[in-house]
Amino acid sequence: LYAAKYVWYADMAAHRELGKCMTGATYAALPYGPQLNNYRDLIDIIKKSDEKKAEPLTVQEKNILQRIANAFPQKHMAYDAAHNEEIWKNKNTGQIIPYPQSSGLTQF
C-alpha cells in the first residue's frame with residue numbers, strides 16, 4: 001500500500017518531467033488512493049525478467065527517486081500526500097489516472 005504510492009509518484013513525476021514513465025504501469029483511483037491497476041499483469045513479467053537485461057536508470061530518473069525519498073522520508077507521508085492529490089480525488093473509484101494528468105501533481 002505504501003510502496004505503491006512511491007512508485008506512483010515516481011512514474012507520474014517522470015512523466016511530468018521527462019515525458020515518459022519509469023515502469024509502464026497503469027494506475028487507477030481506488031479507495032486507498034492511487035494504486036497499480038495492472039499489477040496482476042506485471043507479476044509474471046517481473047518473475048520472468050532477467051535483471052541483467054534491464055535498462056539502468058538514467059541520471060534524471062535517479063534524481064526523481066532521490067527527491068521523492070527526501071520529500072517523503074516516512075512511508076505514511078507519501079500515502080497522505082497521494083490522498084491530497086486532485087488527480088486522484090477527482091476520479092471515480094476504478095477510473096484510470098492518465099499520465100498526461102501528471103502535470104496536475106500538487107504534493108510533489
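Visitor: Which residues lie nearest the centre of the largest pocket?
Guide: This is a predicted model, where local features need pLDDT of at least 70, side-chain atom pairs count only at pLDDT 80 or more, and totals for chains, interfaces and linings use all residues. Residues are numbered from 1 along each chain as its sequence is written, and side-chain values use heavy atoms, without hydrogens and water. A pocket is an open set of points on a 1 Å grid where a 1.4 Å probe fits, with protein on both sides within 12 Å along at least five of seven lines, and lining residues have an atom within 4 Å of a point. The lining has 22 residues, and those nearest the centre are Met-22, Thr-23, Ala-54, Glu-55 and Leu-57.

Visitor: Which element gives the largest share of the lining of the largest pocket?
Guide: Helices are DSSP runs (H or I, at least four residues) numbered from the N terminus. Two or more lining residues come from each of H1, helix H2 (39–48) and helix H3 (59–71). The largest share, 4 residues, is that of H2.

Visitor: At what angle do helix H1 and helix H4 pack?
Guide: Axes are lines fitted to C-alpha atoms over the stretch in contact, and angles run from 0 to 180 degrees between N-to-C directions. For H1 (residues 2–18) and H4 (residues 75–82), the axes are 8 Å apart and the angle is about 65°.

Visitor: How many residues apart in sequence are the parts that the pair of Tyr-9 and Phe-108 ties together?
Guide: Aromatic rings pair if their centres lie within 6.5 Å, and planes over 60 degrees apart count as edge-to-face. Tyr-9 and Phe-108 are edge-to-face, at 6.2 Å centre to centre and 65° between the planes. Tyr-9 lies in helix H1 and Phe-108 in the segment after helix H5 (86–89), so the parts tied together are apart in sequence by 99 residues.

How values were computed
Phe/Tyr/Trp six-rings, centres within 6.5 Å; stacked < 30°, edge-to-face > 60°.
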